[in-house]
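Student: I would like to go through the terms used for this protein and see what each one rests on.
Tutor: Then ask about them one at a time.

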Amino acid sequence: MDIIDYSDFLSVDIRVGTIIEANEYNELQKPSIILKIDFGENIGIKKSSAQLKSNYKIHNLINKQVAAVINFKPKQIGKIISEVLVLGFQDEQEQPILFSPDKKVKNGGKLF
């Protein structure tokens, strides 16, 4: 395990947002779901590609709040640009489970 300074942690901007749209993206070798996430008026709506199909149905993702890193460089994934990295933990099959607050919070709120 690498030890980092607190300032390193502060450089990663982790915010909460609400998924407002989710669509299957099956053109990749590992099919994923394209998410549109509302991070509030200061940050706006951002897009992310996530391999969530093993644990989530699209209709269950709408209105779900999730945590995401918003200050990574955008990444080309197939034909789309992923603007943020949604965060999660692996289940027993090493598939992602989204990191989400257990109570509704304001979109754009920063993890501290």
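Student: What volume does the largest pocket have?
Tutor: About 610 Å³. A volume here is the space filled by probe spheres set on grid points, which are joined across faces, edges and corners. Note that this is a predicted model, where local features need pLDDT of at least 70 and side-chain atom pairs count only at pLDDT 80 or more, while totals for chains, interfaces and linings use all residues. Residues are numbered from 1 along each chain as its sequence is written, and side-chain values use heavy atoms, with hydrogens and water left out.

Student: What makes a residue part of the lining of the largest pocket?
Tutor: On a 1 Å grid over the protein atoms alone, a cavity is a set of points where a 1.4 Å probe fits but cannot get out, whereas a pocket is an open set with protein on both sides within 12 Å along at least five of seven lines; a lining residue has an atom within 4 Å of a point. By that rule 26 residues line the largest pocket, and Ser49, Ala50, Gln51, Ile77 and Leu85 lie nearest its centre.

Student: How many of the lining residues of the largest pocket are nonpolar?
Tutor: Ala, Val, Leu, Ile, Met, Phe, Trp, Tyr, Cys and Pro count as nonpolar, Asp, Glu, Lys and Arg as charged, and the others, Gly among them, as polar. The lining has 13 nonpolar, 8 polar and 5 charged residues.

Student: Which strand gives the most to the lining of the second largest pocket?
Tutor: Strand S1, residues 14-25, with 3 residues. A strand is a DSSP run of E with at least two residues, a helix one of H or I with at least four, and both are numbered from the N terminus. The pocket itself has a volume of about 190 Å³.

Student: Why are S3 and S7 called edge strands?
Tutor: Two strands pair if DSSP finds at least two bridges between them. The open sheet has 5 strands in the order S3-S2-S1-S4-S7, with antiparallel pairing, and S3 and S7 each pair on one side only.

Student: How do you know that S4 and S7 pair?
Tutor: 2 bridges join S4 to S7, and at least two are required, so the pair qualifies. Ala68 stands opposite Val86 in S7.

Student: Why is S4 called largely enclosed?
Tutor: Buried means under 20% relative accessible area, exposed over 50%, and partly exposed in between, with a 1.4 Å probe and protein chains only. In S4 (residues 65-69), 5 of the 5 residues are buried, so the strand is largely enclosed by the rest of the structure. Gln65, Ala67 and Val69 are on one side, Val66 and Ala68 on the other.
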